[in-house]
Amino acid sequence: EVHTADRFYLHDLAIHPQGRERQLAQHLIAHASQWALQQGYSQLMLVAVLGANVFWQKHGFTPSPAATLGYGDDAVCMLRQLK
């Protein structure tokens with residue numbers, strides 16, 4: 001039996017303060033989404049910490065009930081459908 005992954009996990013996204021005004025985060029997220037689709041993934045997933053879930057929700061991610069063990073009490077697993 002062959003199992004294939006359906007989720008592409010984003011681990012870190014950091015933008016230098018000078019690049020934030022140029023919407024680099026939007027471009028990086030779009031690039032990651034396009035790449036993931038080309039590779040056959042149907043979802044992007046990440047763990048948001050330190051209140052970053054608000055940022056990710058602005059970019060189409062929604063909270064997911066998946067476990068976030070080891071990331072801290074404020075961690076939120078987040079998912080974005082690609083297909």
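A pocket is here an open set of grid points with protein on both sides within 12 Å along at least five of seven lines. In this predicted model, the largest pocket has a volume of about 480 Å³. Its lining comprises 18 residues, and those nearest the centre of the pocket are H11, D12, L13, A52 and W56. By class, 15 of the lining residues are nonpolar, one is polar and two are charged. Two elements, β2 (43-48) and α2 (53-57), each contribute at least two residues to the lining; the largest share, three residues, is that of β2.

The strands were examined next. Four of them form an open sheet of mixed pairing, in the order β1-β2-β4-β3. The edge positions are taken by β1 (7-9) and β3 (62-63); each has a single partner strand, so one side of each has no neighbour in the sheet. Strands of a sheet pair through backbone hydrogen bonds, in either a parallel or an antiparallel manner. Between β3 and β4 (residues 76-81) the arrangement is antiparallel, with two bridges joining the strands. P63 has M78 of β4 as its bridge partner.

M78 also belongs to the largest nonpolar core, a set of 12 residues made up of L10, I29, A32, A36, Y41, L44, L46, A48, W56, F61, M78 and L82. Both α1 (24-38) and β2 supply at least two residues of this core. W56, a member of the core, is also among the residues nearest the centre of the largest pocket. With neighbours within four places in sequence left aside, L44 is in contact with F8, L10, A32, S33, A36, F61, M78, L79, R80 and L82. In soluble globular proteins, nonpolar side chains tend to be buried together.

H59, in the loop between α2 and β3, counts as buried because its relative accessibility of 18% falls under the 20% cut-off. Beyond its neighbours within four places in sequence, H59 is in contact with Q26, I29 and R80.

Most residues other than glycine have a negative phi. Q23, found in the loop between β1 and α1, has a positive phi of about 60 degrees although it is not a glycine. L50, in the loop between β2 and α2, likewise has a positive phi, near 55 degrees. Q23 is partly exposed, at a relative accessible area of 47%, whereas L50 counts as exposed, at 76% relative accessibility.

Technical notes: Residues are numbered from 1 along each chain as its sequence is written. This is a predicted model: local features need pLDDT of at least 70, side-chain atom pairs count only at pLDDT 80 or more; totals for chains, interfaces and linings use all residues. Side-chain values use heavy atoms; hydrogens and water are left out. On a 1 Å grid over the protein atoms alone, a cavity is a set of points where a 1.4 Å probe fits but cannot get out, and a pocket is an open set with protein on both sides within 12 Å along at least five of seven lines; lining residues have an atom within 4 Å of a point. Grid points are joined across faces, edges and corners, and a volume is the space filled by probe spheres set on the points. Helices (H or I, at least four residues) and strands (E, at least two) are DSSP runs, numbered from the N terminus. Ala, Val, Leu, Ile, Met, Phe, Trp, Tyr, Cys and Pro count as nonpolar, Asp, Glu, Lys and Arg as charged, and the others, Gly among them, as polar. Two strands pair if DSSP finds at least two bridges between them. A nonpolar core is a set of buried Ala, Val, Leu, Ile, Met, Phe, Trp, Tyr and Cys residues joined through side-chain atoms within 4.5 Å. Buried means under 20% relative accessible area, exposed over 50%, partly exposed in between (1.4 Å probe, protein chains only). Contact means heavy atoms within 4.5 Å.
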